[in-house]
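Visitor: I have a protein model to look at and I'm new to this. Could you go through it with me?

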Amino acid sequence: MLWGLPPAGVTAAPPIAAGAGDFSIDDLAIRSTKLEAAGRWAELVSLCEPAARKGTLSPALFARYDLAKIHCDLARRSAELAFQRELAQLSEADARQLYADCLGRIASHHVEQPDFRRLIERGCLALEVAVNDADFCRRHARQATPERIEQFRSHLQRIVSGRSIASVAEAETIAAWIARAAHSAVGVPPVVTLLEMTAAAVGGLDEYSAFLTTGQLNDLYAQIEGNFVGLGVELKSADDGLLVVHVIPGSPAERSGLLAGDHLVGIAGRAIGGLHVDAAAQLLQGPEGSLVTLAVLRGKGPARAMTVRREHVEVPSIEDIRLIDRAAGVGYLHITSFQKTTATDLDAALRRLDSAGMRSLVIDLRGNPGGLLSAAVDVADLFLDRGLVVATRGRSPEEDFNYTASQPGTWRLPLTVLIDGDSASSSEIFAGAIRDHSRGRIVGVRSYGKGSIQGIFPLQTAGVGMRLTTASFYSPAGKPYSRVGVEPDVWVQQTARPDVSGKPLSGDAPLAAAVEMARNAAGRSLAQPVARRILPR
């Protein structure tokens with residue numbers, strides 16, 4: 001991820017776990033066809049998203065995947081009570097202005113020149129999905145009989161067919177006509193139609209741009225800050241509900257006894273199998289101090305009830321700080337994400353390891369999806385005394401920027417960096433800078449290949465926002481990261497079978513290789529860093 005703050009922070013969405021897309025095109029076609037027929041949209045998205053983000057889906061498969069995304073996004077908005085409350089208070093004029101503002105931001109900031117006709121057509125597809133969705137119709141389209149839905153589809157075709165849609169103004173006019181047609185044919189309030197078209201427009205730009213509901217925008221800011229109210233678990237989708245991938249140390253989840261590898265199959269008395277991960281995770285949310293009861297599967301036994309209190313949770317971006325080989329002075333730490341305080345926290349961790357006798361360092365970036373671009377630059381600056389860290393380039397000249405290192409506070413100890421297929425965005429910025437400046441050795445497998453930058457744009461209406469791809473970023477040597485990634489100096493593939501939490505059951509071969517390299521380099525002299533104060537960029 002590459003996150004930042006308003007008015008246009010820098011962010012990117014995290015990748016799906018590596019391996020999820022390791023299927024042949026024929027296999028993907030067969031699996032996705034079955035999932036589409038069963039209406040298992042969240043599973044279809046999870047199946048196809050890795051290939052979509054790598055640009056390897058056929059047009060037909062991509063269309064199926066995009067349809068599944070529309071279904072999942074609709075369910076996510078329908079399930080969010082805060083968004084539905086904002087929607088109920090919005091006027092048609094405000095909704096139309098929101099749509100125009102959104103398209104204006106796309107026209108001025110998106111990395112590619114927008115195709116307004118395609119955005120309108122995706123909005124029409126999203127409306128067709130909506131008026132065939134039982135929950136949406138119960139809320140907003142009580143007149144949506146099969147005959148009226150067919151009438152509405154004909155209206156859409158007549159409105160769009162043969163018309164010029166080449167500007168924000170033309171798209172806004174077409175959207176207003178569509179809103180009137182939806183109200184006339186199936187009873188959907190114009191406000192709802194315009195919001196659905198807004199969400200569809202942003203979501204159809206690329207694989208990382210997205211419309212952000214009130215809750216999603218707040219969640220994103222909480223991730224940037226590294227704190228939130230919740231249970232303190234990292235989750236991913238599973239067939240029966242949610243898999244607990246990681247439990248934050250000291251969190252209420254840890255104190256309640258939740259473990260990595262547990263399956264959450266029910267939340268507050270509701271079975272969650274088949275729910276999209278966002279919709280299921282939303283059920284975990286609530287006010288600080290409130291309790292939630294989970295149905296937890298562990299091993300082969302029956303599910304058991306576990307009650308957890310929602311509390312304020314600090315999310316550490318640096319974990320497992322230790323001398324992994326005390327005799328050789330090899331330090332080790334794992335950067336899990338790049339947050340506001342990561343560089344400052346890392347500098348403190350290095351001083352602690354230095355006091356304990358560190359002479360060489362292993363930084364583990366495996367599984368790190370990214371975070372703030374500025375944090376990646378500041379972390380790289382701790383190890384580089386000069387030169388380019390990363391360059392950004394966009395369609396707008398204001399997106400072109402060169403981020404450079406400065407000499408004060410540079411740590412000069414030997415460095416080894418671990419990466420894997422889930423190391424993305426800011427992780428790749430850091431690893432690529434270390435590689436191109438020959439500052440350390442990179443060990444593992446090729447990184448994810450997430451090379452675009454997203455800005456966070458809060459909109460002035462309804463408490464919503466958008467995550468918009470604004471630029472691509474390049475290594476100090478001018479190499480792109482998008483769909484390429486960072487190639488390690490030493491390839492080491494973890495071949496051991498993983499357990500349910502994704503961790504290998506036997507030895508960690510990449511880590512062992514990195515420690516051996518760091519051990520061999522530990523004889524170099526260590527120049528102490530001068531005192532430095534990490535300033536926000």
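Visitor: Let me start with Arg446: is it buried, exposed or partly exposed?
Guide: Arg446 is partly exposed, with a relative accessible area of 33%; buried means under 20% relative accessible area, exposed means over 50%, and partly exposed is in between, using a 1.4 Å probe and protein chains only. Please keep in mind that this is a predicted model, in which local features need pLDDT of at least 70 and side-chain atom pairs count only at pLDDT 80 or more, while totals for chains, interfaces and linings use all residues. Residues are numbered from 1 along each chain as its sequence is written, and side-chain values use heavy atoms, with hydrogens and water left out.

Visitor: Where is Arg446, and what does it touch?
Guide: Arg446 is in the loop between strand 18 (441-444) and strand 19, where helices (H or I, at least four residues) and strands (E, at least two) are DSSP runs numbered from the N terminus. Leaving aside residues up to four places away in sequence, Arg446 touches Asp420, Gly421, Val484, Val486, Glu487, Pro488 and Trp491, a contact being heavy atoms within 4.5 Å. Arg446 and Asp489 are 43 residues apart in sequence, and their C-alpha atoms are 9.8 Å apart in space.

Visitor: OK, zooming out: how many helices and strands are there?
Guide: The protein has 17 helices and 21 strands. Of its 537 residues, 53% count as buried, and among contacts between residues at least 6 apart in sequence, 71% join residues at least 24 apart.

Visitor: Which residues touch the most others in the largest nonpolar core?
Guide: That core has 73 residues, and Ile106, Ile120, Phe152, Ile178 and Leu195 touch the most other members. A nonpolar core here is a set of buried Ala, Val, Leu, Ile, Met, Phe, Trp, Tyr and Cys residues joined through side-chain atoms within 4.5 Å. A second, separate core of 45 residues includes Ile335, Leu373, Ile419 and Ala431.

Visitor: And what does Ile178 touch?
Guide: Not counting residues up to four places away in sequence, Ile178 touches Ile120, Cys124, Leu127, Phe152, Leu156, Ile159, Val160, Thr193 and Met197.

Visitor: Which residues of helix 5 are buried?
Guide: The buried residues in helix 5 are Ala95, Leu98, Tyr99, Ala100, Cys102, Leu103, Ile106 and His109. They pack against helix 6 (116-131), helix 9 (168-186), helix 10 (190-203), strand 19 (452-458) and strand 20 (465-474).

Visitor: How far apart are the end C-alpha atoms of helix 5?
Guide: They are 26 Å apart, which agrees with the 26 Å that the 18 residues of helix 5 (residues 92-109) should span at 1.5 Å a residue; the expected span is 1.5 Å times one less than the number of residues.

Visitor: New topic: how many salt bridges are there?
Guide: The count comes to 26 salt bridges, each being a side-chain nitrogen of Lys or Arg within 4 Å of a carboxyl oxygen of Asp or Glu. Glu80 and Arg76 form one of them, at 2.7 Å from N to O, and both residues are buried. Arg366 also forms a salt bridge with Asp364, with their closest N and O atoms 2.9 Å apart, and Glu128, Glu150 and Arg153 are linked in a network of salt bridges.

Visitor: How many aromatic pairs does a search of the whole structure find?
Guide: The search finds five aromatic pairs. Rings of Phe, Tyr and Trp (its six-membered ring) pair if their centres lie within 6.5 Å, and planes under 30 degrees apart count as stacked, over 60 as edge-to-face and the rest as tilted. The rings of Phe383 and Phe430 have their centres 6.0 Å apart and their planes at 70°, so this pair is edge-to-face. Phe383 lies in the loop between helix 15 (373-381) and strand 15 (387-394) and Phe430 in helix 16 (residues 426-436), so the pair ties together parts that are 47 residues apart in sequence.
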